[in-house]
Amino acid sequence: NPYDEFYNTVEKINEELRVREKLERKYDRILKARKTTAEELKKITLDQIASLRKENDLQQQIANGRLSQIKNLGSETYVGEDGKTKTFSQLGVTKYASYNASTGTLSIDWNGLEKIKDTEFGEAVEAYITKLQNYAESYEEAIDTIETNTDEIVEIQERSAENYLELEERV
């Protein structure tokens with residue numbers, strides 16, 4: 001199956017990004033219009049924050065899912081050149097790399113890798129490390145996006161307060 005199990009979640013995130021971009025454009029138009037009311041400003045601000053929070057929830061789903069995939073990577077299967085299917089744990093390749101989510105560190109046993117002489121075994125190790133790297137990168141991207149969105153929520157709240165005061169001065 002060429003599709004990732006989080007494909008639908010990623011599509012929902014993309015939809016939220018489109019919604020948020022539309023809200024940002026609307027917010028800018030509302031500010032430029034001299035007829036803007038405080039209620040309009042409040043509504044669009046709350047909609048923007050709700051969109052960011054919804055995206056954070058979706059990103060958290062991806063982060064949790066990627067962590068689960070990382071933890072269970074040893075039980076994923078690998079098909080060798082001989083056509084035999086074994087899990088990464090059964091092959092013994094999981095000892096060559098690990099990921100620490102709390103530090104964001106991917107550790108690779110370079111000394112162990114250098115000792116591998118069996119080409120097929122080396123390919124299995126490479127496949128394991130590649131999957132581990134991909135899952136870890138996706139996890140970190142989700143966590144980074146959550147942090148960025150959380151900062152953006154604070155910025156929107158601050159900007160909204162400033163714009164409200166400017167609106168009050170105009171009236």
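Author: Asn149 has its place in helix 5, which covers residues 119-170. The model is a predicted one. With a relative accessibility of 3%, Asn149 counts as buried, because buried means under 20%. Setting aside its neighbours within four places in sequence, Asn149 is in contact with Arg20, Leu52, Glu55 and Asn56.

Another residue of helix 5 is Lys131. Its relative accessible area is 30%, so Lys131 is partly exposed. That label belongs to values between the 20% limit for buried and the 50% limit for exposed. Once neighbours within four places in sequence are left aside, Lys131 is in contact with Leu73, Glu76 and Phe88. Gly74 and Lys131 are 57 residues apart along the chain, and 11 Å separates their C-alpha atoms.

Aromatic pairs come next. The protein has 4 aromatic pairs. One of them joins Tyr96 and Phe121. A pair of aromatic rings is described by the distance of the centres and the angle of the planes. For Tyr96 and Phe121 the centres are 5.9 Å apart and the planes stand at 70°, an edge-to-face arrangement. Phe121 is in helix 5, while Tyr96 lies in the loop between helix 3 (88-91) and strand 3 (97-100), so the pair ties together parts that are 25 residues apart in sequence. Tyr96 has a relative accessibility of 8% and therefore counts as buried.

Strand 3 is the place of Ser98. At 40% relative accessibility, Ser98 counts as partly exposed. Leaving aside neighbours within four places in sequence, the contacts of Ser98 are Thr105, Leu106, Ser107 and Leu132. The C-alpha atoms of Ser98 and Gln133 are separated by 9.4 Å, and these two residues are 35 apart along the chain.

The setting of these residues is the protein as a whole. Its secondary structure consists of 5 helices and 4 strands. Along the sequence these elements follow the pattern α-α-β-β-α-β-β-α-α. Among contacts between residues at least 6 apart in sequence, 70% join residues at least 24 apart.

As for overall dimensions, the C-alpha atoms fill a box of roughly 80 × 30 × 20 Å along the principal axes. The radius of gyration is 23 Å, whereas a compact globule of 171 residues would have one near 16 Å.

Of the 171 residues, 33% are buried, and Asn149 and Tyr96 each count as buried. The protein exposes about 11100 Å², of which carbon and sulfur atoms supply 47%. There are 24 positive and 35 negative charges, and their mean positions are 5 Å apart.

Terms used: Residues are numbered from 1 along each chain as its sequence is written. This is a predicted model: local features need pLDDT of at least 70, side-chain atom pairs count only at pLDDT 80 or more; totals for chains, interfaces and linings use all residues. Side-chain values use heavy atoms; hydrogens and water are left out. Helices (H or I, at least four residues) and strands (E, at least two) are DSSP runs, numbered from the N terminus. The radius of gyration is taken over C-alpha atoms; the globule rule is 2.2 Å times the number of residues to the power 0.38. Buried means under 20% relative accessible area, exposed over 50%, partly exposed in between (1.4 Å probe, protein chains only). Contact means heavy atoms within 4.5 Å. Accessible areas come from the Shrake-Rupley method with a 1.4 Å probe; for residues, only the protein chains shown count as cover. Lys and Arg count as positive and Asp and Glu as negative; His and the chain ends are not counted. The place of a charge is taken as NZ of Lys, CZ of Arg, CG of Asp or CD of Glu. Rings of Phe, Tyr and Trp (its six-membered ring) pair if their centres lie within 6.5 Å; planes under 30 degrees apart count as stacked, over 60 as edge-to-face and the rest as tilted.
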